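Please keep the sequence and the structure in view while reading.

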Amino acid sequence: MTAVRRSGSSHPLDRVLDWLVPAVSLFAILVATSTLLGWAMASERAVRIVSSPGAGIMMPNTALALICTAAALWLLSERPVSRLRRWVGWSIASLVLLVGLVVVAEYVGGQVAPGINQLLFPRTVAELSPRTPGRPSPMTAVNLCLMGASLLLLHVRTRSGWYPARLLAMAVALIAAQALIGYVYLEEFPHDPPPGLSAFGPFTAMAVHTALLFLLLALGVLSVHPQLGLLGVLRRQDAGGLMARRLLPAAIVAPLLVWGVKLFSERMGLKGAPFSTSIFALLTVAAFLGILVRSANALSRMDLRQREVEQSLRVSEARFSSIVNNAADAILTIDEQKRITLFNASAERIFGYSANEALGRPLGLFIQEPRVLLEVTAGSRGRVGEERRRLAGRRKNGEVFPAEATLGDVRVDGMRQQAVILRDISARVRAEEARRNREELFRTAFEHTPIGSSLVAIDGHLLMVNDALCAMVGYSREELLARTFQDITHPEDLEMDLGFVKRLLDGELDTYQLEKRYIHKQGHTVDVLLTASLVRDSRGKPLHFISQIQDISERKRLELDLQLLAEAGPRLASSLDPTTTLSTVSRLLVPTLSDFCILTMLDESGQALRRECLASTPEKTRLLEALFEAYPHAPFRRGHLLAEVFQTGHSLLLNEVPLKLLESSAEDARHLEMMLRLAPLSMIVVPLSARGHTVGVVALGMSESGRRYGPRDLALVEEVARRAALAIDNSTLHSQSEQATHLRDEVLRIVAHDLRSPLNVIALSTGTMMKRTPEERAADSRPLVSIQKAVGRATALIQDLMDVARMQGGKLNVERRPEPTEALLQDALELHRALADARSIHLRLEIAPGVPAVFVDKDRVLQLFSNLLGNALKFTPMGGLVTLRAEPWRGMVRCAVSDTGPGIPAENMPHLFEPFWQAESRSKEGAGLGLTIVKGITDAHGGQVWVESRPGLGTTFYVALPVAREAASTLDWHV
């Protein structure tokens, strides 16, 4: 149980009353419970307390009823009472009333109905109360009825303002007090009922602890509404209340004590002694005189304290008047009608009214909408309101001004007044407006400046950032405000930046500027130009930094681009070798502009001449090489990016490389897997064009760096490609010039050496014929045959030289038409049948089933196979085998010429198709142009030629020629 304070008074009596109900309820429950335990243990001492004859006994039903009474009193005493507590309390009080009524009915009817007593303790009740088993005393029953009714009516109030429950409780208290006084005076309790109560039958006294509990519970009921009756008088703080509190103990104790002494003397046999009556009267007078003197002294002390309080009040009033009159704020008091009762000097100055003009006037004359102000402290009582409210005041001249007011609600002796403390805040409002304007100007400039701006705390935390800075580093405003400038500064630039910050804090610098790098949210760096300064307060204490950040990434990139272009010129001009030039270009582009790079030089038919692959990592470089080794021709077929750019001459920018593009470009699953390992995110493919023609393509890709290409990157790559193409073209021209010089020297050598032999034969044969007579010349035709053979060799040599010259100049023309493959190869084989038979070499033709017709120039192809078969017969020993085969191969017809000769050493393989080249071990017959012409004729048809050979196992030359059904597309491709 907990006490519920019903007043905020500090008077001791109020504090006692606040705790009275819980204490009484708890005590009653403890005593009644102890009595029930006594019945359970058959202890007469516990249930009777007083063992004198006629003393009452607390029956079990009485104990239970008292426990219910205490519980109901505790439940119903709290204000306000919840619905649950009220209904439970009423239910318990009704039960108490019912128990009392049942007992009264038993007395009136003369019957004893079996009840709680007999049910709980039948044997003990029969032994301890044999006369009236199971029945409390009549006065106990009456008190139970009165207590139950008073609890049901506890908070019921009549129209005249009195509470019926208090009258019932007073009756209970009087009955209980009479029983207790009887026990104190040791009265004998008669068995016969008192006059007027004969209807109750035999009379039994109320038990002493029952009477005590009834008295305490009645006092608990009276304490619920202590403002009425005797308790109301005792609680008053005036002289009457003081006198009542002083006289109450004497009024109760003195009569009881005097009367008790008289009874004691009579029982001692002094009833007829002399002066006995006068002595008791004198004692009574002396007791009351003592009380009177004590009360007079108390009133005198109270009067002295009152005078001291009045003097203190006058001092306080003077102090208050001085404070009010000299206060800088306007102080007004208003009565309950909201009219002015106090108007200080500051109010006169602020409002322009004199005090005489203002007193008695309504508050609304001085304040607009006073209702708003009066609502501020609606819940406050007796103190100044804690909330200041903005409002508008009105001066005498009609000017409306901003003000700030506090309302105080003061109650004195039931009279309510309100004090208004008002401050003219016009100057402050103007200052605040000027400050807001400055802040708005700063905020507007801060937010809308095109460069990044921030306020930074001394520890580096970002306090304010604008949208430009958020866009610069990729973070939202909330994300940036949760970070420090150290978090977004590149680690390599942080030490230098912190050094400048320290110099600012030490006062060595007022501001500083430096170029640094921020880390973008996506991971890449942002180059900025930072200008920072330190803001201090009026005492010089550092407050925060203000920073302006300009994004100079574009300038830095432009500088790098210019540096790259400036560096590209000298490096590209440093060599005239095409392979070296390709390597130089790739190292210019990786990793500056790409994560991997592919450069390819192509001929007019789109065949790769040279290739350079480079990546930012050795692993990816090896992957690129493996990709081109496994699929050398895939990037240059129709539909591939490199082929399309080479054909159109237009650059291609892929900001994102879609997966579908890789899937459509892949030859097979392995090819796709290798391209996915390459992981291209963004690509640029640019043609290498110089002097009006395209010499190759360059492809750049971004992967692990995560960057994406844009139009600016494309323009830079095109410029680098233009310079690279010019350097490659120069190197090609230089190479061609060297080749032309070499060709000239070789032609001169051939003219000087190889043509000299047939010319010498012609000269010798002519000389021989000139020395002979006509008859001798007619008889011997051998000189003419020699001349004829020499002229044929010279003519073939000159034809080969002319073909090589045409190939070098790109003018080797072919007139193609569909030709049956088997017939074509049979013709080529028959041209060499006689030579093979002369050398006992077997010729064999193998044609695979389903070989389609080829789309070729028949004469040129016969020349091609003539050269290959002539070489094969030349290097095949007698009795050997030369095989000519044909089979379908990758949409073409692959022809092969195999011999059983000694084979070609590996070191000679790269030079086989070079003009005028001859192996050292070979005889010097021929000019070394046969295989060069073979390659030229093959290339002119859009085919491929290659060789496979192992020393001692023979050699096989392969030639791939286009089929007739693809003639149209192939023709379009080469045109």
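This is a predicted model: local features need pLDDT of at least 70, side-chain atom pairs count only at pLDDT 80 or more; totals for chains, interfaces and linings use all residues.

Which residue in strand 2 is the bridge partner of Thr-333? The partner is Leu-342.

## Overall composition

The protein has 975 residues, of which 41% are buried. Its secondary structure comprises 35 helices and 23 strands.

Counting contacts between residues at least 6 apart in sequence, 61% join residues at least 24 apart.

In soluble globular proteins, nonpolar side chains tend to be buried together. The largest nonpolar core in this protein holds 48 residues, and those with the most contacts inside it are Leu-66, Leu-73, Leu-151, Phe-214, Leu-217 and Val-221. Two or more residues are given to this core by each of helix 1 (12-41), helix 3 (60-77), helix 4 (83-109), helix 7 (138-152), helix 8 (164-184) and helix 9 (208-224). Helix 9 gives the most, with nine residues.

Leu-151 illustrates the contacts involved. Leaving out residues up to four places away in sequence, Leu-151 touches Thr-69, Ala-72, Leu-73, Leu-76, Ala-93 and Val-221. Another core lies apart from this one; it has 38 residues, including Ala-828, Val-851, Val-897 and Val-959.

Strand 1 (residues 330-334) is mostly covered, since five of its five residues are buried. In a regular strand the side chains alternate between the two faces of the sheet. In strand 1, Ala-330, Leu-332 and Ile-334 point one way, while Ile-331 and Thr-333 point the other way, and all are buried.

Strand 1 pairs with two strands described here. With strand 6 (residues 415-424) it runs antiparallel, joined by five bridges, and Ile-331 stands opposite Ile-421 of strand 6. With strand 2 (residues 340-343) the pairing is also antiparallel, over three bridges. Strand 1 and strand 2 form a hairpin with five residues between them, and Lys-338 in the turn has a positive phi of about 65°.

Five strands form an open sheet in the order 8-7-11-10-9, with antiparallel pairing. Its edges are strand 8 (462-465) and strand 9 (511-519), each of which pairs on one side only. On average, neighbouring strands of the sheet are turned by 30° against each other, direction ignored.

Within this sheet, strand 10 (residues 525-536) and strand 11 (residues 542-551) run antiparallel and are joined by nine bridges. Ser-533 stands opposite Ile-546 in strand 11. Helix 20 (residues 491-505) packs on the sheet and touches strand 9, strand 10 and strand 11. The direction of helix 20 makes about 155° with that of strand 9.

## A buried serine in a loop

Is Ser-594 buried or exposed? Ser-594 is buried, because its relative accessible area is 0%, and buried means under 20%. This residue lies in the loop between helix 22 (578-589) and strand 12 (596-602).

A polar atom of the Ser-594 side chain lies 3.3 Å from the backbone oxygen of Phe-596. Apart from neighbours within four places in sequence, Ser-594 is in contact with Leu-589, Leu-700, Gly-701, Met-702 and Tyr-709.

## Two loop residues with positive phi

Most residues other than glycine have a negative phi, and most peptide bonds are trans. Ser-840 is not a glycine, yet has a positive phi of about 55°. Its place is in the loop between helix 32 (833-838) and strand 18 (842-847). Ser-840 counts as partly exposed because its relative accessibility is 44%.

Arg-890 is likewise not a glycine and has a positive phi of about 50°. Arg-890 is found in the loop between strand 20 (881-889) and strand 21 (892-898). With a relative accessible area of 63%, Arg-890 is exposed, as the cut-off for exposed is over 50%.

Terms used. Residues are numbered from 1 along each chain as its sequence is written. Side-chain values use heavy atoms; hydrogens and water are left out. A nonpolar core is a set of buried Ala, Val, Leu, Ile, Met, Phe, Trp, Tyr and Cys residues joined through side-chain atoms within 4.5 Å. Buried means under 20% relative accessible area, exposed over 50%, partly exposed in between (1.4 Å probe, protein chains only). Helices (H or I, at least four residues) and strands (E, at least two) are DSSP runs, numbered from the N terminus. Contact means heavy atoms within 4.5 Å. Two strands pair if DSSP finds at least two bridges between them. Axes are lines fitted to C-alpha atoms, for helices over the stretch in contact, and angles run from 0 to 180 degrees between N-to-C directions. A polar contact is a pair of N or O atoms within 3.5 Å; within protein, one must be able to donate a hydrogen and the other to accept it, and residues adjacent in sequence count only if both atoms are side-chain atoms.
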